[in-house]
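Hi everyone, thanks for making time.

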Amino acid sequence: MTEYLNVGKIVNTHGIRGEVRVISQTDFAQERYQKGATLVLFREHKEPLALTVASHRKHKNFDLLTFEGYPNINDVEAFRDGVLRVSKDNLGTLAENEFYYHEIIGLTVEDAEGKAIGKVKEILSPGANDVWVVQRPGQKDALIPYIESVVKDIDVAGGKVLVEIPEGLLDDEN
């Protein structure tokens with residue numbers, strides 16, 4: 001059975017020429033959405049549908065995609081709320097110290113003293129660097145920037161991340 005990883009969610013159509021608005025959930029948008037790339041659309045109560053990317057462009061905070069064989073809005077209207085995924089077999093190899101989102105999400109975050117802060121529940125890509133959302137027991141989620149001065153070591157096999165938290169980054173108010 002093939003395993004799939006989320007690439008993005010189709011939230012709406014855009015215009016009348018078959019474009020869909022995607023909220024991206026991948027750290028490799030250029031590669032995933034390049035012309036000719038195959039994505040698999042998953043929707044409730046429907047068979048997965050393989051789609052070939054015909055075009056990609058950025059618009060505001062969205063990725064706009066069109067697919068071969070779906071030239072107008074009526075063709076893609078049914079894709080709304082579907083999730084685009086890529087087969088795990090299509091993952092490229094990464095350079096040293098690069099990770100896929102699915103490898104980081106779920107890891108336990110510990111400080112320099114080995115005290116657990118929480119678990120990575122999602123990764124945001126607001127701009128210059130990713131931000132990890134860390135779910136803390138009994139407290140609000142912590143936002144930790146994925147930068148060298150903060151994230152010291154990532155042990156995917158051991159299931160943990162070692163961080164050095166700058167003063168004031170984690171306010172312990174509930």
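Before I count anything: helices here are DSSP runs of H or I with at least four residues, strands are runs of E with at least two, and both are numbered from the N terminus. Counted that way, the chain has three helices and twelve strands. Please keep in mind that this is a predicted model.

Now the overall picture. The C-alpha atoms fill a box of roughly 55 × 35 × 30 Å along the principal axes. There are 174 residues, and 34% of them count as buried. Among contacts with a separation of 6 or more, 47% join residues 24 or more positions apart. As for charge, there are 20 positive and 29 negative side chains, with the centres of the two sets 8 Å apart.

Next, the pockets. The largest pocket holds about 690 Å³ of space. Which residues lie nearest its centre? Those are S24, Q25, T26, Y101 and I123, out of 25 lining residues. Several elements supply at least two lining residues each, including β1 (4-14), β8 (116-124) and α3 (101-104).

Is I104 buried or exposed? It counts as buried, because its relative accessibility is 3% and the cut-off for buried is under 20%. Leaving aside neighbours within four places in sequence, I104 is in contact with F99, V120, I123, W132 and I154.

Note on methods: Residues are numbered from 1 along each chain as its sequence is written. This is a predicted model: local features need pLDDT of at least 70, side-chain atom pairs count only at pLDDT 80 or more; totals for chains, interfaces and linings use all residues. Side-chain values use heavy atoms; hydrogens and water are left out. Buried means under 20% relative accessible area, exposed over 50%, partly exposed in between (1.4 Å probe, protein chains only). Contact means heavy atoms within 4.5 Å. Lys and Arg count as positive and Asp and Glu as negative; His and the chain ends are not counted. The place of a charge is taken as NZ of Lys, CZ of Arg, CG of Asp or CD of Glu. On a 1 Å grid over the protein atoms alone, a cavity is a set of points where a 1.4 Å probe fits but cannot get out, and a pocket is an open set with protein on both sides within 12 Å along at least five of seven lines; lining residues have an atom within 4 Å of a point. Grid points are joined across faces, edges and corners, and a volume is the space filled by probe spheres set on the points.
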